[in-house]
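Trainee: I am new to this one. Can we go through its salt bridges together?

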Amino acid sequence: MDKILVLDFGSQYSHLICRRIREFSVYAELVPFDISYEEIQKHNPKGIIFSGGPSSVYSSEAPVPENKIFEMDLPLLGICYGHQLIVDKFGGKVKRANKEYGSSLLTIDNDSDLLNGIGESVRAWMSHGDEAEEIPSGFKIIGHTEGAKAAAIASDEKSVYGIQFHPEVVHTEQGTEILKNFVLKVCKAKQEWTMEGFIDSAIEKISKIDGNVLCGVSGGIDSTVVALLIDKAIGDRLKCVFVNNGLLRLNEEKEVEEMFKDNFKVNFTSVDAGNQFLEKLKGVEDPELKRKIVGEEFIHVFTNFAEKEGPFKWLAQGTLYPDVIESGVSKGPADVIKSHHNVGGLPDWLNLEILEPLRELYKDEVRQIAKILGVPEKLFMRHPFPGPGLSVRIMGEITQTKLQISKIASKIVEEELMESGFYTKVWQAYAAVGDDKAVGVVGDERKYGNIVMIRVVDSIDAMTADWTRLPHGVLEKMSNRITNEIEDVTWVTYTISSKPPATIEPQ
Ligand code: XMP
């Protein structure tokens, strides 16, 4: 399959470049900037893109790729820092300039393969401190902004281009068209990356493994898709296990079991280990210790299952591409099947090889696959839920009372968000509970009850988040329902901390 390699110089937008390119069905892969020339050759790419990055090309610590890469007879596009690198390496000059940040008007000066058909001017997203002062010989300026006279340069002859702005962000008008010009017209890459194609090739690869597979499923989209792919390949050698750890959302264990039983034919077992988890968590207040105990208990449950139902050779997981890159576990290229055991938190003695069919995919691609495989629509819109479950939403010791309060109150929050149309617009929403109590009056009686904290946040990637400005009417309804429907609750509060400095989960 034709491939574009994106060398990552540390921009927060590096992943976006790959995603945008994949959106028009060309496979793009993010690799570290210091990838060797030999490695690049093995990839056999149709073109290379240098991402942006926070450095200045004149800094002694500036990330610089191998020199041979500039001599390759391959189309090259530099974005932001990548643009400056191209100017510098091909013999031009970069200078410190006034910072240009945000949307600027890019005027197109010259016809080129890169900006062909883009029009006379577009709004373009800039974020830079340096700029090209002199462009290398053999290049021409094809676009400028008020702050950067060489905001876009080209050597159509060499098929080398540099742009100071970010075509990958939505704020750049026609950004995708510019990337398409480079990838489809300059690199002549074929649009062969489709999720139907991915499904076929994943099934083919999985079919070739020997031994039995144990797949932990949570009811979330990633592990469900993993289970379905493996089932299609080697269904008779797959066992899926769902662990009820007692820390799930209200009725979640029933809903997950029903979803699997009603929709799929995969070999599914539900293990009720709620008491086992809650017993281990008794008296524990420290948030980190709670997480550790939950993690360890999961492994015990898996091990017991494997001993009874095994032998298993593989443990399947729903690891996605950003996890692979960000965990630093793998530097770059991601195979569909990786036979090394390298996932943090799983002990070596488990002695299982790891099967991660989604390691080269982004979340939106997994959603597309889920649709193709017939995963129910309801699952797509479900908010993310943390692995350690309600243990991170209950402050202090986990008790049955607090569990019930958090479960029912969270359900009410979800229902009211759905009713008001906000559920699909927000990132996450729940009700947390701790040991704080407050006085209330019920009828004529004074009551000392729990305080519930509603948290609803907007986010794009969970790295940062802001509290959602919900209409007062929606909050009022949530509050009324929570105090009316849960006997132990007297006060309801709304958390108005963003991330940072807070986090999305309270623990
Ligand atoms: P924080 O609280 O760090 O959460 O802002 C960011 C996102 O990650 C989720 N989260 C977890 N997910 N295991 C998970 O699978 C965990 O231990 C965990 N802790 C937080 C959280 O729900 C939010 O979406």
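Mentor: Start with Lys 292, which forms a salt bridge with Glu 296. A salt bridge here is a side-chain nitrogen of Lys or Arg within 4 Å of a carboxyl oxygen of Asp or Glu. This is a predicted model: local features need pLDDT of at least 70, side-chain atom pairs count only at pLDDT 80 or more, and totals for chains, interfaces and linings use all residues. Residues are numbered from 1 along each chain as its sequence is written, and side-chain values use heavy atoms, with hydrogens and water left out.

Trainee: How many Å apart are the closest N and O atoms of Lys 292 and Glu 296?

Mentor: Both residues lie in helix H10 (residues 287–309), 4 residues apart, about one turn of the helix. Helices are DSSP runs (H or I, at least four residues), numbered from the N terminus. The closest N and O atoms of Lys 292 and Glu 296 are apart by 3.7 Å.

Trainee: Is Lys 292 buried or exposed?

Mentor: Buried means under 20% relative accessible area, exposed over 50%, partly exposed in between (1.4 Å probe, protein chains only). Lys 292 has a relative accessible area of 52%, so it counts as exposed.

Trainee: Which residue meets Glu 365 in a salt bridge?

Mentor: The N to O distance in this pair is 2.7 Å. Glu 365 lies in helix H12 (residues 363–372) and its partner in helix H1 (residues 14–23), so the pair ties together parts 343 residues apart in sequence. Both residues are buried. The partner of Glu 365 is Arg 22.

Trainee: How many salt bridges does the structure hold?

Mentor: Some link up in a network, with Glu 415, Glu 416, Lys 477, Arg 481 and Glu 485 in it. The number of salt bridges in the structure is 30.

Conventions
Helix = DSSP H or I, 4+ residues; strand = E, 2+ residues; numbered from the N terminus.
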